[in-house]
Each structure stands twice: as structure tokens, then as C-alpha cells.
Amino acid sequence: MSEPLLIRHAGQLVTLRGPEGPRRGAALGDLGLIQDGAVLMRDGLIEAAGPSNEVETLARETGHVVELDAEGRVVMPGFVDSHTHLAFGRPRLVDYEMRIRGADYHQIAEAGGGILSSVKAVRGAAPEDLETQARRAVHQCARHGTTTVEAKSGYGLDENGELKTLVVLAAIDGQPLDIVSTYLGAHFIPPEYQKTPDVYVDWMCQEMMPRIKRQKLAGFADVYCDRGAFTLEQARRYLSAAAALGFELKIHAEQFTHSGAARLAVELGAASADHLEQADSEDAAILGRSSTVATLLPGSVFHLGLDRYAPARTLIENGAAVALATDFNPGTSPTCSMPMVLSLACTFMRMSPAEAISAATINGAHAVRRAHRVGSLEPGKQGDVLVINATDYREIPYHFGVNQVAMTIKRGAVIYQQGEVVNHTAKENAADAR
Ligand SMILES: [Zn+2]
């Protein structure tokens with residue numbers, strides 16, 4: 001176990017302390033800011049978070065602590081990225097170029113690209129290679145300030161491919177990030193079931209889910225409900241079977257077409273309804289009256305060059321608990337940068353910087369049912385903390401595409417520290433002097 005750690009003199013300590021439950025409405029913009037704040041961590045947990053003088057006094061009373069001066073910078077909870085598909089084998093660069101040149105989904109698929117190429121890659125991957133790729137992805141997440149990451153299966157689809165993915169995710173859990181695993185067998189209808197999708201749904205419900213549950217390989221089940229994927233009735237059947245087995249539920253809802261999946265999420269008590277680009281004001285009202293988190297994924301809209309982002313303002317005005325996540329995947333959102341997602345949310349969805357930070361931390365934690373452990377800086381929660389190279393939290397979305405994470409701390413231990421830029425001029429000068 002690491003030594004007790006005190007971070008003092010945060011110019012802005014973003015605590016996100018507050019009442020239980022996800023942030024909604026005006027509360028979404030309340031970051032629980034403390035000027036000149038400090039955090040004390042011990043045995044991986046937060047012991048105190050508050051004004052520097054109070055926390056320092058407490059730290060001195062308790063013997064030896066490692067001290068770290070934030071020098072007036074922003075200190076905040078680690079990001080909770082509550083929607084990713086991070087174990088995918090390899091990037092889809094041909095798709096990317098084809099789409100830039102104007103090819104559509106069908107043309108890309110005909111050229112051997114699209115989601116089927118990821119299915120092929122994952123089915124054919126040696127488990128150790130898939131694990132190496134997933135580990136690299138997780139390290140990128142850590143560099144960008146994510147400390148808890150949800151990760152889905154869904155590129156294997158068959159028994160071997162799905163189990164291989166979930167076993168890889170279990171192997172990397174806690175190394176160093178917490179992984180929340182989700183079974184997404186219902187990502188896409190596999191080629192061998194194109195004509196008999198209901199048989200595939202039955203097989204997942206009767207064979208795969210009980211097995212995954214027995215082996216404790218995933219706590220969540222998710223379904224992609226949209227045109228060309230699973231119908232609302234198939235989604236209902238799949239999620240009802242999952243709930244009966246004790247899985248928590250998530251739904252890919254209202255991404256390209258309006259299917260009614262957001263309402264299904266509420267009806268079944270899902271932890272989250274994700275995407276929601278096509279959600280209407282009635283969906284917003286229904287989500288606003290529910291405990292289902294509305295998880296928005298602007299990265300895929302941006303990468304695909306589309307212009308219809310989820311109606312964040314309507315959702316917030318209706319009281320929905322909005323979360324933000326990367327949707328990290330090789331086809332539509334190849335980024336694990338939560339800071340970039342915040343920039344997109346502010347610019348394109350008109351969320352305020354404070355709302356975006358709440359959505360990416362405490363509300364993300366609610367979307368993966370871990371808010372009792374992560375998402376805010378409060379005594380008893382995990383010591384998952386970021387030091388940001390900024391003196392004002394608004395700089396995080398403002399400097400888009402710039403990673404300002406100076407340090408990522410997971411369970412009270414530093415897991416990432418930003419490297420210094422090497423001063424080549426000075427080196428050359430030194431060489432000249434010799
Ligand atoms: Zn997704």
C-alpha cells in the first residue's frame with residue numbers, strides 16, 4: 001500500500017461534494033469549489049478534502065505523509081469514462097480515409113471495412129495481443145485523466161470472441177484503472193445470424209448471459225437498438241433476460257434513428273441510456289423523471305462529421321441526469337480523451353464547463369453504479385485525483401485538443417505524471433560548448 005499522500009495548495013479544488021444521487025438541473029453546474037484546497041489520501045482512500053489549512057493540520061497530526069504542492073493549479077476527481085469499446089484489436093484507418101473521400105457505410109462495408117472488420121480482427125486475435133492493445137488503450141485513458149473506465153465486449157459476438165474479450169478486460173482491471181465490464185453481445189447481428197436474428201437473441205439470453213454471470217465476467221449488459229441492429233422488441237427481450245439474471249442495464253439509444261429505446265431504458269430501470277442524438281423533448285421529460293442517466297457521446301458525432309448532437313440543453317432543462325463519455329471505439333470515436341469530449345460538449349451541445357465536468361465525473365460514476373466509490377473528492381471515496389496544468393477549471397474544455405493533465409492519481413498513488421518537453425536548443429548549445 002502506498003504512503004499517505006497530501007496534495008495541498010490547489011488554486012481550485014473541485015470536490016463535487018454534495019447530496020447523494022446524480023446531478024440534475026442547476027446542481028449540475030455546482031462543482032463544490034474550494035479556493036486553496038487540499039486532499040489527504042491514506043490506504044487508497046480520501047481521508048479529507050477541504051481548505052488547505054484544515055487538511056494540513058489534520059495531516060500533521062497523523063504522522064508521516066508524502067506532500068505534493070499543486071502550486072495553485074486545479075485539482076479534481078479523475079474522469080469516469082462510462083462508455084467505451086476499448087478492446088478492438090486494431091484501428092480502422094481505411095474506413096477513415098474512405099469516409100473522408102465521401103464513401104458511405106455500405107461502400108465501406110463492401111470494401112471489407114466497417115464493424116465486420118473489427119469482428120474479424122477480434123475473433124482472429126490471440127488473447128495476449130488483444131490484451132496488449134487493451135492495456136495500451138487504458139494507459140492512454142490514464143494519461144488523459146480517466147481513472148475508471150467502462151468497457152464493452154461486442155466485437156467477438158460468438159462465444160469464443162466475447163469470452164476472450166471479457167477475460168482480457170478482467171485481466172487488466174485494476175492495472176492501474178478500474179474497469180467496469182459490460183457484455184454487449186447485442187452490438188450487431190453477426191454474419192452467421194443475418195437471416196435469423198431472433199435465434200441469436202435467444203442464444204445470448206439462454207447460453208451466453210448465464211455463463212457470463214456464472215463466471216462473473218460482466219456486471220452490465222448492453223444492447224444496440226437502432227436500424228440495422230436490434231429492434232425494440234429484441235432489445236426488450238435481451239435486457240429483460242439480463243435483468244432477471246442480475247445484470248445492470250445499459251442501452252445504445254436513439255443514435256441514428258428514433259426507436260423508443262430511451263423510454264425502454266427508463267421502463268426497465270436501466271443505469272443509463274446512451275447516445276440520444278435523436279431524442280425528443282418527450283424522451284427528455286421521461287428521462288428527467290427517472291433515475292436512468294442520459295449519457296451523451298459527442299465524440300462519434302464529431303468524428304463522423306455529422307451535425308446533430310444530442311439535445312443536452314433540453315435534457316438538462318427537463319431534469320435529466322446528463323453524463324459525458326468518449327464512446328472510444330475504432331469506427332466512430334477513436335479517442336479516449338475526456339478533456340476533448342468536454343470541449344465538444346461545451347461548443348456543440350452548449351453545456352457550461354462546470355456542467356460538463358460534473359457530467360464527466362460524478363454523473364459518469366452514477367452511470368456505472370459506482371458513485372459510492374468514485375466521482376467526487378469526499379472522505380471514504382477512492383483517492384482518484386487529477387492535478388491539471390491550469391489555474392481555472394474552465395481551461396479544461398477551453399483549450400481543445402490539449403491534454404492539460406499533469407498528474408493522474410489512482411487509489412492514492414501517482415500512476416501518471418506528465419513528461420517535460422526536452423529543450424533541444426539547450427542541448428545543442430551544450431554540445432557546441434564542448
Ligand atoms: Zn457505444
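Here is a quick tour of some salt bridges in this structure. Keep in mind that the model is a predicted one. Side chains of opposite charge can pair when their charged atoms come close. Let's look at a few of them.

- Glu56 and Arg60 join up through their side chains in a salt bridge, at 3.3 Å from N to O.
- Both residues sit in helix α1, which covers residues 52-61. They are 4 residues apart, or about one turn of the helix.
- Glu56 is buried, with a relative accessible area of 14%, whereas Arg60 is exposed at 59%.

**Lys410 and Asp178**
- Lys410 makes a salt bridge with Asp178, and their closest N and O atoms are 2.8 Å apart.
- Lys410 belongs to strand β15 (residues 405-410) and Asp178 to strand β8 (residues 178-186), so this pair ties together parts that are 232 residues apart in sequence.
- Both Lys410 and Asp178 are buried.

**Arg411 and Asp178**
- Asp178 also meets the side chain of Arg411 in a salt bridge, at 2.7 Å from N to O.
- Arg411 lies in the loop between β15 and β16 (413-417), while Asp178 is in strand β8, so the pair ties together parts that are 233 residues apart in sequence.
- Arg411 is partly exposed, with a relative accessible area of 37%. Asp178 is buried, at 3%.

Conventions:
Residues are numbered from 1 along each chain as its sequence is written. This is a predicted model: local features need pLDDT of at least 70, side-chain atom pairs count only at pLDDT 80 or more; totals for chains, interfaces and linings use all residues. Side-chain values use heavy atoms; hydrogens and water are left out. A salt bridge is a side-chain nitrogen of Lys or Arg within 4 Å of a carboxyl oxygen of Asp or Glu. Helices (H or I, at least four residues) and strands (E, at least two) are DSSP runs, numbered from the N terminus. Buried means under 20% relative accessible area, exposed over 50%, partly exposed in between (1.4 Å probe, protein chains only).
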